[in-house]
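Here's a quick look at the charged side chains in this one. Have the viewer open while you read.

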Amino acid sequence: MRARISDKMQDYAQSIRDQQRTELEPLIEQKREMVKAHRKERVLLQSRQEQRQRQEHQTRVDRLRTGLMGVWDKLTGRAADIRKQNENEAYRCFTRDKAQRENLFKEQLRERRELQRQFERKRSVHRRERADLRSQIIG
């Protein structure tokens with residue numbers, strides 16, 4: 001008789017573990033989808049930034065004249081002014097892009113932390129359920 005009760009309790013405990021695993025599935029799927037979406041957002045941002053960097057670089061290169069006018073610009077100091085302007089602009093663009101990446105990372109981290117809190121709440125409930133089961137078995 002004791003063996004049958006023990007077997008039934010083990011079956012009951014296994015069914016609770018299975019139920020808890022099933023309860024976590026939607027969160028696990030949500031995490032998978034979030035990871036995919038976050039990767040896609042990062043790749044898209046990188047692609048857009050690279051395209052914009054190429055365009056901005058070309059704009060800066062086009063400011064510098066070549067040939068006789070380029071020589072004239074060097075003599076008058078205009079070339080140095082344009083180079084300085086290009087350097088300043090390139091630095092501003094770099095910091096802008098870096099800030100965009102950091103903002104995206106922060107937002108994604110915030111979303112991931114919220115999902116992690118949901119996991120922790122669900123797992124806490126599961127731990128309490130298993131502790132209750134143990135106390136019922138023991139006591």
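Lys-31 is partly exposed, at a relative accessible area of 33% (partly exposed sits between buried, under 20%, and exposed, over 50%, with a 1.4 Å probe and protein chains only). Lys-31 belongs to helix α1, residues 2-63 (helices are DSSP runs of H or I, at least four residues, numbered from the N terminus).

A word on ground rules: this is a predicted model, where local features need pLDDT of at least 70, side-chain atom pairs count only at pLDDT 80 or more, and totals for chains, interfaces and linings use all residues. Residues are numbered from 1 along each chain as its sequence is written, and side-chain values use heavy atoms, leaving out hydrogens and water.

Together with Arg-123, Arg-127 and Arg-128, Lys-31 forms a positive surface patch (patch residues have over 30% relative accessible area and no salt bridge, with like charges joined within 9 Å). Helix α3, residues 78-138, gives the most to that patch, with three residues.

Now the paired charges. The structure holds 13 salt bridges (a side-chain nitrogen of Lys or Arg within 4 Å of a carboxyl oxygen of Asp or Glu). Three of them:

| Salt bridge | N to O distance |
|---|---|
| Arg-63 and Glu-89 | 2.8 Å |
| Glu-107 and Arg-110 | 2.6 Å |
| Arg-117 and Glu-114 | 3.2 Å |

Arg-63 is in helix α1 and Glu-89 in helix α3, so their bridge ties together parts 26 residues apart in sequence. Arg-63 is partly exposed at 24%, while Glu-89 is buried at 15%. Glu-107 and Arg-110 both lie in helix α3, three residues apart, about one turn.

Key:
Patches are made of residues with over 30% relative accessible area and no salt bridge: like charges are joined within 9 Å, nonpolar side chains (Val, Leu, Ile, Met, Phe, Trp, Tyr) within 5 Å. Accessible areas come from the Shrake-Rupley method with a 1.4 Å probe; for residues, only the protein chains shown count as cover. Lys and Arg count as positive and Asp and Glu as negative; His and the chain ends are not counted. The place of a charge is taken as NZ of Lys, CZ of Arg, CG of Asp or CD of Glu. Helices (H or I, at least four residues) and strands (E, at least two) are DSSP runs, numbered from the N terminus.
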